[in-house]
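Colleague: Could you walk me through one part of this model at close range, and then show me how that part fits with the rest? I'd like the cut-offs spelled out as you go.

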Amino acid sequence: MQLELINGETVKVDSNVTALTLFNLQREKVINGDFLKGFMKSSENDMDLDPIAVLQAVYAAYRQANQKDPLSYESFLANYQLDMETDIEIYFAVISKQSRKLFQKNFAKGVKQGKK
């Protein structure tokens, strides 16, 4: 998927955001615990559609696809015009996929603990 910036530049996004990308974004204070709580939601209906969390997911997908010399978060926001239809699609692609994986991991961990 690609996004068009205000200056006409087209940039790639990748909704398969890795844990390392999230870790780096948290270390850079781009995302915080509130954003990461989105991964703990049990269904898309429970997810908070906070506009900042949506933009953070869009930026996370941008950073995943552009690991060499990416725009800073603030520069990205200054050059990106909101497109809620696309932004929501990216948000759910990032959050939902990660949410399912985390749920499966936690479920498996709970099953193992229950057997002890």
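Modeller: Happy to. Helices here are DSSP runs of H or I with at least four residues, strands are runs of E with at least two, and both are numbered from the N terminus. This is a predicted model, in which local features need pLDDT of at least 70 and side-chain atom pairs count only at pLDDT 80 or more, while totals for chains, interfaces and linings use all residues. Residues are numbered from 1 along each chain as its sequence is written, and side-chain values use heavy atoms, with hydrogens and water left out.

For orientation, the protein chain holds five helices and two strands, in the order β-β-α-α-α-α-α along the sequence. Buried residues (under 20% relative accessible area, with exposed meaning over 50% and partly exposed in between, for a 1.4 Å probe and protein chains only) make up 35% of its 116 residues.

In α1, the buried residues are T21, L22, N24 and L25. They sit on the same side of the helix, because they cover an arc of only 160° around the axis, the arc being that of the directions from the helix axis to the C-beta atoms. The buried residues of α1 pack against α2 and α3, where contact means heavy atoms within 4.5 Å. On the face turned away from that buried side, α1 carries the exposed residues A19, L20 and R27.

Now step off the end of the helix. The loop between α1 (19–27) and α2 (33–36) contains K29, which takes a positive phi of about 65° just after α1. Most residues other than glycine have a negative phi. K29 counts as exposed because its relative accessibility is 73%.

Side chains of opposite charge can pair when their charged atoms come close. The structure holds one salt bridge, that is, a side-chain nitrogen of Lys or Arg within 4 Å of a carboxyl oxygen of Asp or Glu. The partners are E28 and R63, with their closest N and O atoms 2.8 Å apart. This pair links distant parts of the chain, since E28 is in the loop between α1 and α2 and R63 is in helix α3, 35 residues apart. E28 is partly exposed at a relative accessible area of 38%, whereas R63 is buried at 14%.

Rings of Phe, Tyr and Trp (its six-membered ring) pair if their centres lie within 6.5 Å, with planes under 30 degrees apart counted as stacked, over 60 as edge-to-face and the rest as tilted. By this rule there are six aromatic pairs. One of them joins Y59 and Y73, whose centres are 5.1 Å apart and whose planes meet at 65°, so the pair is edge-to-face. Y59 lies in helix α3 and Y73 in helix α4, so the pair ties together parts 14 residues apart in sequence. Y59 is buried at 1% relative accessibility, and Y73 is buried at 17%.
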